[in-house]
Amino acid sequence: MLKKTEGIVLSSIRYKDTSIIVRIFTRELGLKSYIVNGVRSQGAKSKAALYQPMTILDLVVYEKEKGGLQRISEAKIGFPYQLIPFDFSRSGITMFMAEVAGKSLYDNYQNEWLFDFLKESLIHLDQKGTELKHFPLAFLVHKARYLGFGPDQPEEFFEESRSLPFKAEEIPIIKEYIENLLSDSYSCNFRPGIHLRRQLLDYFLDFYREQLDSVTPWKSIGILRQLMN
């Protein structure tokens, strides 16, 4: 059965000589794995570009009731990025977003509100005036709420976490920072200093590990720390 849906590419792996298996979080069908043939053949660069992480796609897909690997009938860019592919900072944040999404979603998981949040976040990241230094933190705070484990108040982060790596004098600043992230999201303009921003990033990532019961390391964190100057 053919179905139309929007999708956001999370990752892809090579399959045989010229094909890939791509994981796409679709709005209507949830997280699916699709096999795409011929995408790595000579002269197929334009086709391969469709399946870069966090690309927003308009899709027509074959939906099989038994699940497993699916196939794509049609795919085209749903939102053409103007800045992300050409800006190291933005592309680095995009890699981080893809990793967080990939670790927190499972096969067939469907959440239209989360999809819309991811799409709107990517479009916002592609805007010229977007403040980047708070972006990863705001993304983590709000994505956790769409996944069902994000607290509404800063104190609840501290209560639900097994670790509290902040000094006593840092707690009020961190609390105010989280309040600003919750209320202002990507428009946050709080200035806690680079040291506390990095500490809070590590804290949020540990919080995600605890909630997702994951022990695998974050591959993109090294690049992200370099971007948080």
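Okay, a definition to start: a residue is buried if its relative accessible area is under 20%, exposed if over 50%, and partly exposed in between, using a 1.4 Å probe and protein chains only. By that rule Asn180, at 16% relative accessibility, counts as buried.

Some housekeeping. This is a predicted model, where local features need pLDDT of at least 70 and side-chain atom pairs count only at pLDDT 80 or more, while totals for chains, interfaces and linings use all residues. Residues are numbered from 1 along each chain as its sequence is written, and side-chain values use heavy atoms, with hydrogens and water left out.

Back to Asn180, then. Asn180 sits in helix α6; helices here are DSSP runs of H or I with at least four residues, strands are E runs of at least two, and both are numbered from the N terminus. When I say contact or touch, I mean heavy atoms within 4.5 Å. Not counting residues up to four places away in sequence, Asn180 touches Ser185, Cys188 and Phe190.

Now the helix packing. Two packed helices are described by the angle between their axes and the distance between the axes. The axes are lines fitted to C-alpha atoms, for helices over the stretch in contact, and the angles run from 0 to 180 degrees between N-to-C directions.

Take α4, residues 135-147, against α7, residues 194-212: they pack at about 25°, with axes 10 Å apart. So α4 and α7 are roughly parallel to each other. The naming goes like this: under 35 degrees is roughly parallel, over 145 roughly antiparallel, 65 to 115 roughly perpendicular, and the rest oblique. The way α4 passes α7 is a left-handed crossing, that is, the near helix is turned anticlockwise from the far one by less than a right angle, with clockwise being right-handed.

Who makes that contact? From α4 we have Leu137, Phe139, Leu140, Val141, Lys143, Ala144 and Leu147, and from α7 Arg197, Leu200, Leu201, Phe204, Leu205 and Tyr208. Sorted by class, the contact of α4 with α7 has 11 nonpolar, no polar and two charged residues. For the classes, Ala, Val, Leu, Ile, Met, Phe, Trp, Tyr, Cys and Pro count as nonpolar, Asp, Glu, Lys and Arg as charged, and the others, Gly among them, as polar.

Next, α4 with α6. Their axes come within 9 Å and cross at roughly 70°, so α4 is roughly perpendicular to α6. This crossing is right-handed. Leu137, Ala138, Val141, His142 and Arg145 of α4 meet Tyr177, Leu181 and Leu182 of α6. The class count for α4 with α6 is six nonpolar, one polar and one charged.

On to the core. A nonpolar core is a set of buried Ala, Val, Leu, Ile, Met, Phe, Trp, Tyr and Cys residues joined through side-chain atoms within 4.5 Å. Which residues of the largest nonpolar core touch the most other members? Out of 56 residues, Leu200 and Phe204 do. At least two residues of this core come from each of β1 (2-15), α2 (88-104), α3 (112-125), α4, α5 (154-160), α6 (171-184), α7 and α8 (221-227). Leaving out residues up to four places away in sequence, Leu200 touches Leu137, Phe166, Ile174, Tyr177, Ile178 and Leu181. There's also a second, separate core of 14 residues, including Ile20, Val22, Val39 and Leu50.

Leu196 is in helix α7 and counts as buried at 6% relative accessibility. Leu196 and Phe166 are 30 residues apart in sequence, yet 8.7 Å apart in space, C-alpha to C-alpha. Gln199, also in helix α7, is buried with a relative accessible area of 16%. Not counting residues up to four places away in sequence, Gln199 touches Pro165, Phe166 and Glu170.

Over to the strands: Val36 is in β3, residues 30-36, and is buried, at 5% relative accessible area. Setting aside neighbours within four places in sequence, Val36 contacts Ser19, Ile20, Val22, Lys47, Tyr51 and Ile72.

Last thing, backbone angles. Most residues other than glycine have a negative phi. Met54, in the loop between α1 (45-48) and β4 (56-62), has a positive phi near 70°. Asp213, in the loop between α7 and α8, has a positive phi near 55°. Buried or exposed? Met54 is buried, with a relative accessible area of 0%, whereas Asp213 counts as exposed, at 68% relative accessibility.
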